[in-house]
Amino acid sequence: MKRASGKSTCPVNFGLEAFGDPWSLLVVRDVVYFGKHTFNEFLASDEAISPSVLSARLDSLTDAGILRRSCDPADRRRVRYDLTERGLGLIPIMVEIAEWSAAHDPDTVAPADWIALVHENKPEMLRRYTETVRRGGSVFVGEDSVAAQVEAVRV
C-alpha cells in the first residue's frame, strides 16, 4: 500500500488506512475465526454488509496485500479469498481486539473460558491460529480448527 503525498507517516495512520474500517476488520475476522472465503459467505455474516460495500472492501484488502484472490478449487467459477502473509500478521491484532472487547463489553458472546485459554497461552495459541489459517482453516469452524485441535489435546 502506497501513501498519497501529504498523508501522515504515523504508523497508526498507515494501519488504519490499510485495514482500519470496521467492514475490513470484519472480513479478516470472518476468515480467521469462521473460515469464510467466498463473497457469499462474507455476505451471509450477521452484520449484513451490502454487496457493493463488501465488493469494495474485498478489492481494498486485496490491493493492500492483506487478501489474495484466487479460483476456488472446489468450484473454479467461484473466487476465493485467503489471507496473505501480511494479512496473517493481523491475527495478533484481532486476538488483542477480541480480548479487550470481551473484557469491556457486557453483552459479549465470547466464551470466557476460550478468552482465558488464549490469554494464558498466547504465544502458542497465536502460532496455532496462524498455522491453521495459513493452511486454509479457521479458529472455530472445521475438523482442523484451532478449537478442534485444543479439544483433541484435552481428551
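## Cys 71 and its arginine neighbours

Leaving aside residues up to four places away in sequence, Cys 71 touches Arg 76, Arg 78 and Arg 80. This cysteine belongs to strand E1, which covers residues 67-72. The model shown here is a predicted one, and in it Cys 71 has a relative accessibility of 40%, so it counts as partly exposed. For a sense of distance across the fold, take Pro 22: Cys 71 and Pro 22 lie 49 residues apart in sequence and 26 Å apart in space, C-alpha to C-alpha.

How many disulfides does the count give? The count comes to zero. As a reminder, a disulfide is a covalent bond between the sulfur atoms of two cysteines.

## Leu 83 in strand E2

Is Leu 83 buried or exposed? Leu 83 has a relative accessible area of 7%, so it is buried. You will find Leu 83 in strand E2, which runs over residues 75-83.

Not counting residues up to four places away in sequence, Leu 83 touches Val 28, Val 31, Val 32, Ile 66, Leu 67, Arg 68, Leu 88 and Val 133. Between Leu 83 and Gly 20 there are 16 Å in space, C-alpha to C-alpha, and the two are 63 residues apart in sequence.

## Thr 130 and helix H8

Leu 88 turns up again as a contact of Thr 130, which touches Leu 88 and Ile 91 when residues up to four places away in sequence are not counted. Thr 130 sits in helix H8. Its relative accessibility is 16%; because buried means under 20%, Thr 130 counts as buried.

## One face of helix H9

Helix H9 spans residues 146-154, and Val 146, Gln 149 and Val 150 are buried in it. Why do the buried residues of H9 line one face of the helix? Seen down the axis of H9, they fall within an arc of 95 degrees, so they line one face. Among the elements that cover these buried residues are helix H7 (112-120) and helix H8 (122-134).

## The largest pocket

The largest pocket holds about 710 Å³ of space. It is lined by 29 residues, and those closest to its centre are Arg 29, Tyr 33, Phe 34, Ala 98 and Ala 110. Sorted by class, the lining has 18 nonpolar, four polar and seven charged residues.

## The cavity

Which helix gives the most to the lining of the largest cavity? Helix H2 (residues 22-34) does, with five residues.

Definitions and conventions: Residues are numbered from 1 along each chain as its sequence is written. This is a predicted model: local features need pLDDT of at least 70, side-chain atom pairs count only at pLDDT 80 or more; totals for chains, interfaces and linings use all residues. Side-chain values use heavy atoms; hydrogens and water are left out. Helices (H or I, at least four residues) and strands (E, at least two) are DSSP runs, numbered from the N terminus. Buried means under 20% relative accessible area, exposed over 50%, partly exposed in between (1.4 Å probe, protein chains only). The arc is that of the directions from the helix axis to the C-beta atoms. Contact means heavy atoms within 4.5 Å. A disulfide is a pair of cysteine sulfur atoms within 2.5 Å. On a 1 Å grid over the protein atoms alone, a cavity is a set of points where a 1.4 Å probe fits but cannot get out, and a pocket is an open set with protein on both sides within 12 Å along at least five of seven lines; lining residues have an atom within 4 Å of a point. Grid points are joined across faces, edges and corners, and a volume is the space filled by probe spheres set on the points. Ala, Val, Leu, Ile, Met, Phe, Trp, Tyr, Cys and Pro count as nonpolar, Asp, Glu, Lys and Arg as charged, and the others, Gly among them, as polar.
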